[in-house]
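Hello,

Here is the structure we spoke about. Please look through it first, then read the notes below.

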Amino acid sequence: MKTRPAAGRWIEGWNPENEQYWERTGKRIARRNLALSVLSEHIGFSVWSMWSVLVLFMSPEIGLGFTPGEKFLLVVVPTLVGAVLRLPYSWAVTRFGGRNWTVFASAVLLVPALLAFVFVQRPGTPLWVFLVIGATAGVGGANFASSMTNITTFFPQNRQGWALGVNAGGGNLGVAVVQLLGLLVIATAGDTHPSYVAAVYLPLIVLSALLAALKMDNVDAVRARPGALREAAASRHTWFISFLYIGTFGSFIGYGFAFGLVLQNEFGSTPLEAASYTFIGPLLGSVSRPLGGKLADRWGGARVTLWAFLALALGTAGLLLASRAGSFGAFVAAFTLVFVLSGLGNGSTYKLIPAAAAAEAEATITSGGEARQAFARARRISGAAIGIAGAVGALGGVAINLAFRASYQGPQGSGTTAFACFLGYYALCVLLTWAVYLRPGRRVAQGPAPSREPRPARVR
């Protein structure tokens with residue numbers, strides 16, 4: 001193993017699929033980088049989803065009396081920008097290195113956090129200013145793509161479900177933590193001090209950037225040859241998985257941004273009442289994501305994903321019934337269940353990406369190709385596919401908030417139409433998962449465990 005300090009701690013010859021290398025060297029390095037990646041991504045998610053909290057404070061009392069439609073627009077913009085930036089962020093980590101890009105991606109979070117801190121204290125600030133500031137917060141959501149692409153290279157294929165689940169779950173917790181912070185501010189200082197929420201993150205952003213600079217590594221395996229993104233885009237599995245990820249991650253982030261506003265519009269909740277419940281669903285959904293990855297490692301990504309979508313459909317039906325009955329308790333309980341299920345589905349759906357890439361590698365080996373090159377290519381394709389799926393999936397959050405905005409501005413003034421649309425999408429995801437990955441006769445290969453000969457298996 002060689003290092004080149006001048007290039008920013010590049011580790012050459014990275015090969016976690018080799019069991020001896022993994023136990024002797026790789027495991028320690030991988031886990032250290034995973035921990036720091038989680039911290040950076042967690043703060044990124046917090047900054048990204050900060051506007052789901054700040055809109056709860058916006059009222060005539062502080063000179064920011066925006067309409068419900070304008071508030072939904074304020075949570076749509078950061079979601080959209082975060083989705084669009086995920087592809088370039090995913091590419092950037094393969095160009096500049098995981099450590100180098102994490103330092104930049106962490107430090108740049110100071111821009112949206114500082115702007116939010118300053119302008120939410122200014123009564124009469126026009127909507128367009130907040131839309132611009134919300135757009136800058138999209139960089140926090142883009143952190144996810146570079147972080148996941150980087151972490152994929154650190155772990156062997158049979159441990160990637162767990163590693164990706166922990167990395168993403170720790171990041172997703174940022175949604176719950178910033179909402180819990182909002183509850184703490186409202187409960188202690190009242191609902192007229194939104195700047196306190198942004199202020200907490202300023203020193204944390206600096207700390208995260210410093211730790212990444214001092215403790216993280218770049219590995220040569222993360223480098224993508226030109227055309228990796230194009231190769232990933234040419235694979236039908238990339239787009240199948242992206243469609244599924246709209247239903248899982250799109251649900252998680254879309255509901256996470258909208259939950260407080262939905263409670264205010266559906267039941268007339270006060271900011272304190274809404275903030276008292278909004279963190280619960282994202283918290284449990286984040287915790288369940290690593291479990292989804294672990295279950296996928298054990299039972300197969302497609303099987304766990306199928307059951308997650310079936311349950312999501314049932315949970316959404318429960319939301320429809322609770323909404324029509326006007327039952328606040330049943331509505332919150334059903335929404336919390338949907339968060340948990342979206343987290344499980346997030347972990348299991350992402351497991352399909354390295355499994356599908358490994359399947360193609362096994363096909364190459366079976367046809368006489370060289371194993372090391374085939375699996376190196378699988379890693380490059382996995383990283384690129386993660387970027388595409390992450391970007392497309394985040395667009396699901398945009399669609400959810402636009403659906404809520406249209407539904408609550410409609411003649412009924414309720415979320416019924418939006419929930420009915422979500423239910424139909426989950427049904428389509430169930431059909432797609434079964435038809436492509438579980439239908440009898442649809443067999444492909446799955447990447448081998450370390451130190452074993454490649455053998456046919458099934459992407460489940």
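Arg 324 sits in helix 14, which covers residues 301-325. Helices here are DSSP runs of H or I with at least four residues, strands are runs of E with at least two, and both are numbered from the N terminus. Arg 324 is exposed, at a relative accessible area of 65%; exposed means over 50%, buried under 20%, and partly exposed in between, with a 1.4 Å probe and protein chains only. Between the C-alpha atoms of Arg 324 and Glu 61 there are 32 Å, and the two are 263 residues apart along the chain.

A note on the source: this is a predicted model, in which local features need pLDDT of at least 70 and side-chain atom pairs count only at pLDDT 80 or more, while totals for chains, interfaces and linings use all residues. Residues are numbered from 1 along each chain as its sequence is written, and side-chain values use heavy atoms, with hydrogens and water left out.

Now the whole protein. It has 17 helices and three strands. Its radius of gyration is 22 Å, close to the 23 Å that the globule rule gives for 460 residues, so the protein is as compact as a globular protein of that length. That radius is taken over C-alpha atoms, and the rule is 2.2 Å times the number of residues to the power 0.38. The C-alpha trace spans about 70 × 55 × 30 Å along its principal axes. Of the 460 residues, 58% count as buried.

Regards
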